[in-house]
Amino acid sequence: RAMPNLLAMSFEGELAPSFTLHCLEPGHTLPDGWGLGYYPAGEPSAAILKEPAPPQGSMRSQLALAWEQVASSLFVLHIRHATWGALSDANTQPFARTWGRRDWLFAHAGSLDERLEEIPGPFEPVGSTDTEEIFCQFLNKCVERNWRSLAETDLDVIVGWLSELNEKGGMTMCLSDGRDLLVHTD
């Protein structure tokens with residue numbers, strides 16, 4: 001499903017789509033970063049290719065174009081326009097964390113109006129974005145309930161969490177554990 005600055009794709013089998021980052025071509029306003037996450041060969045581990053503050057025709061973007069062998073049933077692509085945090089790898093999406101013996105991917109388009117209250121748990125942000133705060137908070141809530149996959153979650157509870165976050169700002173996001181994909185637009 002396409003959203004501003006965020007694209008999540010899920011297929012029944014593995015596909016190898018090609019990606020062209022037109023935003024890095026001459027004449028376009030450069031983004032503050034971009035990232036592509038996917039699950040190669042149906043593995044529980046995610047691979048991420050990302051770049052903060054890319055120059056036009058960047059080497060990493062050329063690598064993404066040449067990397068036509070990238071096959072997966074799930075892809076998350078994010079183009080960053082920074083609101084929170086410096087232009088760095090630590091602040092470039094998608095973000096990944098391991099929980100329940102799988103890597104989870106998270107990307108968010110939008111911006112919260114305020115910092116979130118910290119929820120105790122093993123997951124802490126590495127960077128300084130509101131997106132990573134949301135992701136770590138979500139996973140800490142899953143740990144608290146021992147939900148080890150998206151399939152184990154209670155969607156009514158998740159919708160409640162997302163509604164609370166909607167009150168704090170823009171909350172268009174996607175989350176995957178490599179098997180399932182959750183997309184929310186506010």
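# Close-up views of a predicted model

**View 1. A109 sits in strand β7**. Helices (H or I, at least four residues) and strands (E, at least two) are DSSP runs, numbered from the N terminus. This is a predicted model, in which residues are numbered from 1 along each chain as its sequence is written, local features need pLDDT of at least 70, side-chain atom pairs count only at pLDDT 80 or more, and totals for chains, interfaces and linings use all residues. A109 has 13% relative accessibility, so A109 counts as buried. Buried means under 20% relative accessible area, exposed over 50%, and partly exposed in between (1.4 Å probe, protein chains only). I79 lies 30 residues from A109 in sequence. In space, the C-alpha atoms of A109 and I79 are 8.7 Å apart.

**View 2. The protein has three helices and nine strands**. Their order from the N terminus is β-β-β-β-α-β-β-β-α-α-β-β. The protein has 186 residues, and 48% of them are buried. Mean pLDDT is 84 for the protein. The share of residues at 70 or more is 84%. pLDDT is the predictor's confidence in each residue, from 0 to 100. Confidence is highest in β6, at a mean of 97, and lowest in strand β1 (residues 2-3), at 38. Where pLDDT is low, the predicted coordinates should not be read in detail.

**View 3. W104, F138 and L175 touch the most other members of the largest nonpolar core, which has 24 residues**. At least two residues of this core come from each of β6 (95-99), β7 (102-109), α2 (130-145), α3 (155-166) and β8 (172-176). Helix α2 gives the largest share, six residues. Another core lies apart from this one and has ten residues, including M9, L36, F75 and I79. A nonpolar core is a set of buried Ala, Val, Leu, Ile, Met, Phe, Trp, Tyr and Cys residues joined through side-chain atoms within 4.5 Å.

**View 4. Strands β3 (residues 33-38) and β5 pair in the antiparallel sense**. Six bridges join β3 and β5. Two strands pair if DSSP finds at least two bridges between them. W34 has I79 of β5 as its bridge partner. Strand β5 (residues 72-80) is mostly covered, with eight of its nine residues buried.

**View 5. Six aromatic pairs are counted**. Rings of Phe, Tyr and Trp (its six-membered ring) pair if their centres lie within 6.5 Å; planes under 30 degrees apart count as stacked, over 60 as edge-to-face and the rest as tilted. W99 and F123 pair edge-to-face, at 6.4 Å centre to centre and 90° between the planes. This pair links distant parts of the chain, 24 residues apart: W99 is in strand β6 and F123 in the loop between β7 and α2. W99 is buried because its relative accessibility is 15%. F123 is buried too, at 10%. W147 and W161 form a tilted pair, with 5.8 Å between centres and 40° between planes. W147 is in the loop between α2 and α3 and W161 is in helix α3, so the pair ties together parts 14 residues apart in sequence. Both W147 and W161 are buried. Ring pairs also join F11, Y38 and F75 into a cluster.

**View 6. Arginine charges sit over two tryptophan rings, those of W147 and W99.** The charged end of R145 is 5.6 Å from the centre of the W147 ring. R148 lies over the face of W99, 4.8 Å from the ring centre. A charge sits over a ring if NZ of Lys or CZ of Arg is within 6 Å of the ring centre and within 35 degrees of the ring normal.

**View 7. The whole structure holds zero disulfides**. A disulfide is a pair of cysteine sulfur atoms within 2.5 Å. C136 has a relative accessible area of 2%, so C136 is buried. C174 counts as buried at 1% relative accessibility.

**View 8. The peptide bond from Q93 to P94 is cis**. Omega of this bond is near 0°. P94 is in the loop between β5 and β6. A41, a residue other than glycine, has a positive phi, near 55°. A41 lies in the loop between β3 and β4 (47-52). A41 is exposed, at 56% relative accessible area. R101 also has a positive phi, near 65°. The loop between β6 and β7 holds R101. R101 counts as exposed because its relative accessibility is 75%. Most residues other than glycine have a negative phi, and most peptide bonds are trans.

Terms used. Heavy atoms only, no water.
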